[in-house]
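Please examine the sequence and the structure shown below. The briefing that follows is grouped by topic.

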Amino acid sequence: MTKTNFLIIAVTGLALSACNTTGANTSMYSVHQPVIERTNYAIDINTNDGDVSPSETQRMSEWFDAMQLRYGDRVAIDFGDGYSAPAVSQTVTDLVGNYGLLVDGTAPVTAGPVAPGTVRVVVTRSLASVPSCPDWSTTSDRNYDSRNHSNYGCSTNSNLAAMIADPEDLVRGRENKRLDRNSGKNAVGTYRSKTGGN
């Protein structure tokens, strides 16, 4: 299993932090913005005659369980230099569907080549946080330039980062055409089946 880290900084507030050379934020915006950390986890699955054996399917399922695969995660299949195998894609898609997720069309770049006779399944997970908070660097009550406190915006943005279901939405937003009243149907169905709810 391989792991790769990427950092993506939300674009909102970058201009403010670039211009805020004096340390005085006199705008209504916070200089503390959520940062998205994206991590790729990968597992190589052995294939047999263009399909996945039951034992390898079970191993992949146990890996998903150990990863606690959840909403917001993205799953992709990397066939390396080989041709895509429809049977392998279908097996992975069916397994991922049990968690209320879909398989992405493009796999991210991971370390090391995909060995012949194997396929790489990649789970991309994002986490939002505001690492610069809390910020109590303002020590004086004297405010002669109408600036905001150094901790201004920390509570709001930290709560947003903690509550966002899919941290990638803070980076790219969401296309309206992907949303409908059935968007959460699979996730709710999966939750109910796991908890025995109605």
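**Packing of two helices**

H2 and H3 pack at an angle of about 35°, and their axes are 11 Å apart. Axes here are lines fitted to C-alpha atoms, for helices over the stretch in contact, and angles run from 0 to 180 degrees between N-to-C directions. Helices (H or I, at least four residues) and strands (E, at least two) are DSSP runs, numbered from the N terminus. This is a predicted model, in which local features need pLDDT of at least 70 and side-chain atom pairs count only at pLDDT 80 or more, while totals for chains, interfaces and linings use all residues. Residues are numbered from 1 along each chain as its sequence is written, and side-chain values use heavy atoms, with hydrogens and water left out.

**More on H2 and H3**

- The crossing of H2 and H3 is right-handed; a crossing is left-handed if the near helix is turned anticlockwise from the far one by less than a right angle, and right-handed if clockwise.
- From H2, the residues Thr-57, Met-60, Ser-61 and Phe-64 meet Thr-91, Val-92, Leu-95 and Val-96 of H3.
- By class, the contact of H2 with H3 has 5 nonpolar, 3 polar and no charged residues. Ala, Val, Leu, Ile, Met, Phe, Trp, Tyr, Cys and Pro count as nonpolar, Asp, Glu, Lys and Arg as charged, and the others, Gly among them, as polar.

**The chain as a whole**

- The secondary structure of the chain comes to 6 helices and 5 strands.
- Along the sequence, these elements follow the pattern β-α-β-α-β-α-β-β-α-α-α.
- Of the 198 residues in the chain, 34% are buried. Buried means under 20% relative accessible area, exposed over 50%, and partly exposed in between (1.4 Å probe, protein chains only).
- Among contacts between residues at least 6 apart in sequence, 78% join residues at least 24 apart; contact means heavy atoms within 4.5 Å.

**Nonpolar cores**

- The largest nonpolar core has 22 residues, and those with the most contacts inside it are Trp-63, Phe-64, Val-75 and Val-121. A nonpolar core is a set of buried Ala, Val, Leu, Ile, Met, Phe, Trp, Tyr and Cys residues joined through side-chain atoms within 4.5 Å.
- Two or more residues of this core come from each of strand S2 (35-46), helix H2 (54-67), strand S3 (74-78), helix H3 (86-97) and strand S5 (118-129).
- Not counting residues up to four places away in sequence, Phe-64 touches Leu-69, Val-75, Leu-95, Val-96, Tyr-99, Val-121 and Val-123.
- A second, separate core of 6 residues includes Ile-36, Ala-128, Cys-133 and Ala-161.

- In helix H4 (residues 154-163), the residues Cys-154, Asn-157 and Ala-161 are buried.
- These residues cover an arc of only 80° around the axis, which puts them on the same side of H4; the arc is that of the directions from the helix axis to the C-beta atoms.
- The face turned away from the buried side of H4 carries the exposed residues Ser-155, Thr-156, Ala-162 and Met-163.
- What covers the buried residues of H4 includes S5.

**Residues in loops**

- Val-52 has its place in the loop between S2 and H2, and at 9% relative accessibility Val-52 counts as buried.
- Leaving aside neighbours within four places in sequence, Val-52 is in contact with Ile-45, Asn-46, Thr-57, Val-88 and Thr-91. Val-52 and Thr-91 are 39 residues apart in sequence and 7.1 Å apart in space, C-alpha to C-alpha.
- Ser-30 is found in the loop between helix H1 (14-19) and S2, and is buried with a relative accessible area of 7%.
- Gln-68 lies in the loop between H2 and S3 and is exposed, with a relative accessible area of 57%. Phi of Gln-68 is near 55°, a positive value in a residue other than glycine.
- Pro-134 lies in the loop between S5 and H4. A cis peptide bond, with omega about -5°, joins Cys-133 and Pro-134.

**Residues in a strand and a helix**

- Asp-44 is located in strand S2 and is partly exposed, with a relative accessible area of 31%.
- Leaving aside neighbours within four places in sequence, Asp-44 is in contact with Arg-59, Val-119 and Arg-120.
- Pro-86 is found in helix H3, and at 66% relative accessibility Pro-86 counts as exposed.
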